[in-house]
Amino acid sequence: MPPTTRSVSTGAPDTARWLLRGKDGRLTAYARAEGGLLRWTETAPGGPDWTGPDFFAAPDLTYLTLAQGADGYVHFVGRGERREADGKVVVDLVHSIQYQTGRPLMDWRSLGNPHTKLVERAPHLGAPAAAVDAAGTVHVFVRDAVHSVRMRREGKGGKWEAWKDFKVREALDGIVALATSTGRVEVLAPGDKATLRWAQDKQGGDLTRRDDVPLAAAPGSGTVLETGPDRFTYYAADAHGSGMLAHRPADGGPAVPLGGAPGTGPVAALRTTIDGHDCTVLAHRTAGGRPALAAFPTEDEEAGLWWAETGERCMGAPALALDARGRVVMAAIGLDGTLRLARQKAEPGLALEAWTTV
């Protein structure tokens, strides 16, 4: 790895959603950097030129995830860890916002730590996840020191509500959350034998426990995608090493095997039209370290899919997004810390153009 500078990334964020399209149609890519994060922004919708990387300070982050609302605002939620002069380790969650494409990030603000009374547990806080409902309400979830799931959400007037304990004891890191097109939020947390699930009946309601997803996911590998009106599919790597799996809670039944040879990190997922058909596109980093891509008819995983490796080895998970022209764009952080991109060719199918370095 090259010497760390404020223009060289130390890897992708801890989420597959780090390539996002703003209200103006421009794509923005975000990455980790020493002491903060980097941002690259398209100069015009659809590219091909980019500006950046711009550096934004965010010291002491050990984890970073992103969530985007229907208003286009990008929310950053991180886990901060610092050691004070007396040797005490202080851990809290922090939050920032980017309101428009290319605009600066707002100041980072602490969301605290749910272990305010049992301070000996505070350093053992896990990795956060976030979702933003249709009203712009931010929901933050985190695995606590006793393997329960805690939630804190933004209330009226921007004041954050108190932490809520979901009162379980088997949650692992790798929590994922999704706000559907109707504004409902659902959250899933990997467990040793299955994935735990909570959901709202309607936007703004309480999240209540639902049937577990029969999929033991490798921690940190999962993602959720809305694949039908107000329904989602959960994609994750099998904790036992048998490749990628898919499950739709609305349909029930067992998880569907998708093959592949995933390494660490989350799978990226999006829906798009390919040759006139509604398709789902997935990407992950393989055990060998290269990005891999696959596509299949949406909600028809059993039709089969073929994983194709593409590009060079990368740091962290690749990301997927649709640009202003509806083309699939795949992004990865190269081993040299630079941003790499490949766009869908203007021809039938899902062939990508040659990878370029931004």
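## The second largest pocket

In this predicted model, the second largest pocket holds about 270 Å³ of space. Its lining is made up of 15 residues, and those closest to the centre of the pocket are His75, His95, Ile97, Tyr99 and Glu154.

Strand S7 (residues 89-98) contributes the most to this lining, with 3 residues.

## The chain as a whole

The chain contains 28 strands and 0 helices. Its radius of gyration is 19 Å, close to the 21 Å that the globule rule gives for 358 residues, so the chain is as compact as a globular protein of that length. The C-alpha trace spans about 60 × 50 × 40 Å along its principal axes.

Of the 358 residues in the chain, 55% are buried. Among contacts between residues at least 6 apart in sequence, 40% join residues at least 24 apart.

In soluble globular proteins, nonpolar side chains tend to be buried together. The largest nonpolar core here has 18 residues, and Trp18, Leu19, Ala29, Trp40, Trp50, Ile333 and Leu339 have the most contacts inside it. Two or more residues come from each of strands S2 (27-33), S3 (36-42), S25 (319-322), S26 (328-333) and S27 (339-343). Strand S2 gives the most to this core, with 4 residues.

Beyond its neighbours within four places in sequence, Leu339 is in contact with residues including Trp18, Ala29, Trp40, Ile333 and Val358. A second, separate core has 16 residues, among them Ala171, Ala177, Val185 and Trp198.

Conventions:
Residues numbered from 1 in each chain as written. Predicted model: local features only at pLDDT ≥ 70, side-chain atom pairs only at ≥ 80, totals over all residues. Heavy atoms only, no water. Core = buried A, V, L, I, M, F, W, Y, C linked by side-chain atoms within 4.5 Å. Buried < 20%, exposed > 50% of the residue type's maximum accessible area, 1.4 Å probe, protein only. Contact = heavy atoms within 4.5 Å. 1 Å grid on protein atoms, 1.4 Å probe; cavity = no way out; pocket = protein on both sides within 12 Å on 5 of 7 lines; lining within 4 Å. Points joined across faces, edges and corners; volume = space filled by probe spheres on them. Rg over C-alpha atoms; globule rule 2.2 N^0.38 Å.
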